[in-house]
Amino acid sequence: MAILDKALIFSSLEKIFPNEPLPENTLPALSVLKNEKADFQIAFSAKKGDTVSFSADGELSACLRFFTVRLIPAGLNAPKKSDDYFISKNKTEYPELLWPIANEFTAEYDGVNTVWCEILPSPLLPAGEHTIDFQIKVGENPPMKCSIDITVIDAELPKQELIYTNWFHSDCLMEYYKIPVFSEKYWRVTESFLKRANEYGMNCVLTPLFTPPLDTQVGKERPTVQLVDVKVIGNNQYAFGFEKLDSWLSMCDRCGIEYYEMSHLFTQWGAKHAPKIMAEVNGETKQIFGWKTRAAGKEYKTFLHQFSAALIEYIDRKGIREKCLFHVSDEPSGLMIFSYKKASRIVHECFKGFKIIDALSDYRVFKMGLIELPVPANDHIKPFIGKVKELWTYYCCVQADHYVSNRFFSMPSARTRVLGLQLYKFDVRGFLHWGYNFYFSQYSKGLIDPYKVTDAGGSFSSGDSFVVYPGENGEPLDSLRLHVFYNGLEDMLALKLLESKIGKEKTDAILEEGLEKPLTFRDYPHSADWLLKTRERINRAIAENL
């Protein structure tokens, strides 16, 4: 059992284990802008089951939210092809879940326990120098005290222009909470999870016009979440209803979502088939397209032309043309180019003038001119820089080599947060990830318990497939990775603010000050201390140029 004789404050970039040596550097001070979230954590010793009383005092104490950090089991720590920038590749659990607490709670572990503190944007956040004093009393022991100095800079982060989508899986919520699709509870739970996503930077949502054909076993299907009503009214003739899509857009508006990433119109990994599409046929609901549909065949092509005409009319009526993104199929390779080429041609015919994006990391495929806005993985992005109309990127289960950023349990938090600096330097316009709340095993073969199975049944490194947990009453619970990723987005916005004051060239110089080589998606110091000092340097420059 690790023993501390006092409470210590650490940055949010440390993953603290109950019975392992503590990080070397504590966090005595932190600066923030008036409208940003900021996180740090307090470590103290206890025995499992001890009653802990916790209090904060100071002008900023009303702007704080508190959590305990709970360990969550890890299955697969890293894929076989991975570098050495990991905390470990064989631990069985990691600090991960942020559990909301009040002023009194029960210690979870024998050894070091951790309280995660989040400063929330608030009108009560006055500019200037402040101190927050904390007191922690464990059982009958004398209280432990610690403090942190907070500088609130009299400036605000600009509006996020990065289009950020983290694929949202409402069918996983349906299955976990056992709720019928489009029921009152379905809408309530979906909105709760979507609102949390937006609170941490997501401004674009995967919108299931038809049940998304993503991570689905060939020949099988995912639960139906189709928003567009389809009715067969004659031979290859269809009528469409958008009432459910209306409800979805209204929900998105309430949640702060600005962009709509329309679900893929062809199956994943090659665009060979149509997604599952349900329709009313002679008064009965039946599946009319799916795995048995040849994607580029006459019937489905005819359907898409009729559907796109009706959808575009609806989109223009709603005034959201500039907010819609369309997909062909996810991550086509050279071996799949024949079917993807046909599918791409159909989508571009149907949705001419709209943004059409696809995860596409093979630069040779991009050069064939099949899609205007590719989304390459961050370990394949180099040849795309300066060669595309808008630079986008993503990462997923494979990006664990070449030191690129990712969000696995087993990775240091600095590796997750550094992405924000990279997005800024290379003027990335969009970031995509496939798993906000994927609670299925790989290929959607069945529901998993995300508190126990965190690697999609041994297929993806723990942390890849979700960043929130399904809590009681349909409310999401945060992972510390959700917060750390958002801190990276705030770093990006702080750089944008500084650029508006001193220009891009000078801002890049401040960002890269002291580096032996320029910052890239693969090259950066593997150090939480460097990242924190870089952000403080950016903040000082902002304060000096107010």
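Guide: Strands β1 and β3 (residues 38-46) run antiparallel and are joined by four bridges. In this predicted model, Ser 11 stands opposite Phe 40 of β3. The two strands belong to an open sheet of five, ordered β1-β3-β8-β5-β6, with antiparallel pairing. Its edges are β1 (8-11) and β6 (93-100), each of which pairs on one side only. From one strand to the next, the twist averages 35°. In general, strands of a sheet pair through backbone hydrogen bonds, in either a parallel or an antiparallel manner.

Helix α9 (residues 480-502) packs on this sheet. The helix touches β3, β5 (64-73), β6 and β8 (111-119), and its direction makes about 85° with that of β6.

Next come the aromatic side chains. Two lysines sit over rings: the charged end of Lys 91 is placed over Phe 17, 4.6 Å from the ring centre, and Lys 37 lies over the face of Tyr 200, at 4.7 Å from the centre of that ring.

Phe 366 belongs to helix α6 (residues 363-366), while Phe 384 is in the loop between β20 (373-375) and β21 (392-394), so the pair ties together parts that are 18 residues apart in sequence. Phe 366 and Phe 384 are both buried. Elsewhere, ring pairs link a cluster made of Phe 210, Tyr 238, Phe 240, Phe 266, Phe 289, Tyr 300, Phe 303 and Phe 307.

That leaves the backbone angles. Most residues other than glycine have a negative phi. Glu 331 has a positive phi, near 50°, and is found in the loop between β18 (324-326) and α5 (337-350). Ala 456 also has a positive phi, near 55°. This alanine is located in the loop between β22 (430-433) and β23 (468-470). With a relative accessible area of 2%, Ala 456 falls under the 20% limit and therefore counts as buried.

Terms used. Residues are numbered from 1 along each chain as its sequence is written. This is a predicted model: local features need pLDDT of at least 70, side-chain atom pairs count only at pLDDT 80 or more; totals for chains, interfaces and linings use all residues. Side-chain values use heavy atoms; hydrogens and water are left out. Buried means under 20% relative accessible area, exposed over 50%, partly exposed in between (1.4 Å probe, protein chains only). Rings of Phe, Tyr and Trp (its six-membered ring) pair if their centres lie within 6.5 Å; planes under 30 degrees apart count as stacked, over 60 as edge-to-face and the rest as tilted. A charge sits over a ring if NZ of Lys or CZ of Arg is within 6 Å of the ring centre and within 35 degrees of the ring normal. Two strands pair if DSSP finds at least two bridges between them. Axes are lines fitted to C-alpha atoms, for helices over the stretch in contact, and angles run from 0 to 180 degrees between N-to-C directions. Contact means heavy atoms within 4.5 Å.
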